[in-house]
Amino acid sequence: MSAATHRWEARARRLAQQRHFREQEGACLVEGIRPVLDATEAGVPLEAVLVCREMLHSEVALRAVEHQQQAGVPVVECSRASFERLSERDNPMGLAAIARWAPLRLDALTVGPQTLLAVAEDLRDPGNLGTLLRTMDAVGGNGVVLVGASTDAAHPRCLKASLGTVFRVPVAGVSRMEEVLAWAKERQVWTLATTARRGTSYWALEYRRPLAVLLGNEGEGLRSETIVAADAVARIPMWGTASSLNISVAASVLLYEIRRQEEGQPR
């Protein structure tokens, strides 16, 4: 193994394993054919492409590797053993890339009359965040805001679950929900808190845009202060013994109801 290959592989492993290193470098490791292609199609700059030709059999992916090489992006040839060490997947496909990507500042999000945002407070599970990003992309949403101690969108499990939509749906990070609420009020964004036990049934609400849907973490939901400060509260009814839905499921239910109303579809 050459010294350059060793350096690239070591950098890739650190980006996969260490959040503080991702944040410090403004970069992340993207793994898999579809996520890498989505990153390039979204115009995300690549530092390097890592490929194991013994594992990579997709002609589309191989052409993409060649295109990146012709564009001057370093292509790092990895052995099967090396690629398996840096991979987060059970069955790696032999393609990864180091991408220059980091969350936006809140002020960088654009707000228009039809804006639809999801705001996640202390969201801990990167898989849930990836699923939320996929849902926001599916409903034509305009961004996700991560508040407080939320996981980072560049986590390998989030990147995997998002299927590349992390590069298509703007993601912003902020320290406190109070900052989000003040930002929303200043821009006349309607804020909607979500709960399992309080508020108006989400079927009975009339939604209006620009809209920010506020979501709590997996264990405790939204803080009471956030619920009180929101413009409206939507309750998702629970008939069983579970106290709440998975956050990404709750978001999907609510976001699709918003779109159903807007499209004028019957229940």
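Select Ser201 to start; the residue lies in strand S10, which covers residues 200–201. The model on screen is a predicted one. Ser201 has 14% relative accessibility, and because the limit for buried is under 20%, Ser201 counts as buried. Show the neighbours of Ser201 next: leaving aside residues up to four places away in sequence, Ser201 touches Arg235 and Pro237.

Move to Phe167, in the loop between H7 and S8. Is Phe167 buried or exposed? With 10% relative accessibility, Phe167 counts as buried. Display its contacts, again without residues up to four places away in sequence: Phe167 touches Val30, Pro35, Asp38, Ala39, Ala42, Val44, Trp101 and Leu159. For a distance check, pick the C-alpha atoms of Phe167 and Gly72, which are 22 Å apart in space and 95 residues apart in sequence.

**The strands around S8**

Now select the elements on either side of that loop. Helix H7 spans residues 156–162, and together with S7 and S8 this helix makes a right-handed β-α-β unit. S7 and S8 run parallel and are joined by four bridges.

Select Leu104 here and look across to Ala172 in S8, which stands opposite.

**The second largest pocket**

Which elements each supply at least two residues of the lining of the second largest pocket? They are helix H2 (19–25), strand S7 (143–147) and strand S8 (171–174). The second largest pocket holds about 240 Å³ of space. Its lining has 19 residues, and those closest to the pocket centre are Arg19, Glu23, Pro103, Asp152 and Gly173. Colour the lining by class to see 11 nonpolar, four polar and four charged residues.

**The largest pocket**

Next, select strand S9 (190–195) and helix H10 (247–263), the elements that give two or more residues to the lining of the largest pocket. The volume of the largest pocket is about 420 Å³. To centre the view, select Thr194, Thr195, Ala196, Gly221 and Ser244, the closest to the pocket centre of the 22 residues in the lining.

**The cavity**

How many cavities of 30 Å³ or more does the structure hold? There is one, and the largest cavity has a volume of about 30 Å³. Select Val36, Thr40, Val49, Ala64, Val65, Gln68 and Leu95 to show the residues that line the largest cavity. Two or more of the lining residues come from helix H3 (33–41), and likewise from helix H4 (59–70). H4 gives the most to this lining, with three residues. By class, the cavity lining divides into five nonpolar and two polar residues, with no charged residue.

Definitions and conventions. Residues numbered from 1 in each chain as written. Predicted model: local features only at pLDDT ≥ 70, side-chain atom pairs only at ≥ 80, totals over all residues. Heavy atoms only, no water. 1 Å grid on protein atoms, 1.4 Å probe; cavity = no way out; pocket = protein on both sides within 12 Å on 5 of 7 lines; lining within 4 Å. Points joined across faces, edges and corners; volume = space filled by probe spheres on them. Nonpolar A, V, L, I, M, F, W, Y, C, P; charged D, E, K, R; others polar. Buried < 20%, exposed > 50% of the residue type's maximum accessible area, 1.4 Å probe, protein only. Contact = heavy atoms within 4.5 Å. Pairing = 2+ DSSP bridges. Right-handed = clockwise from strand over helix to strand, strands pointing away.
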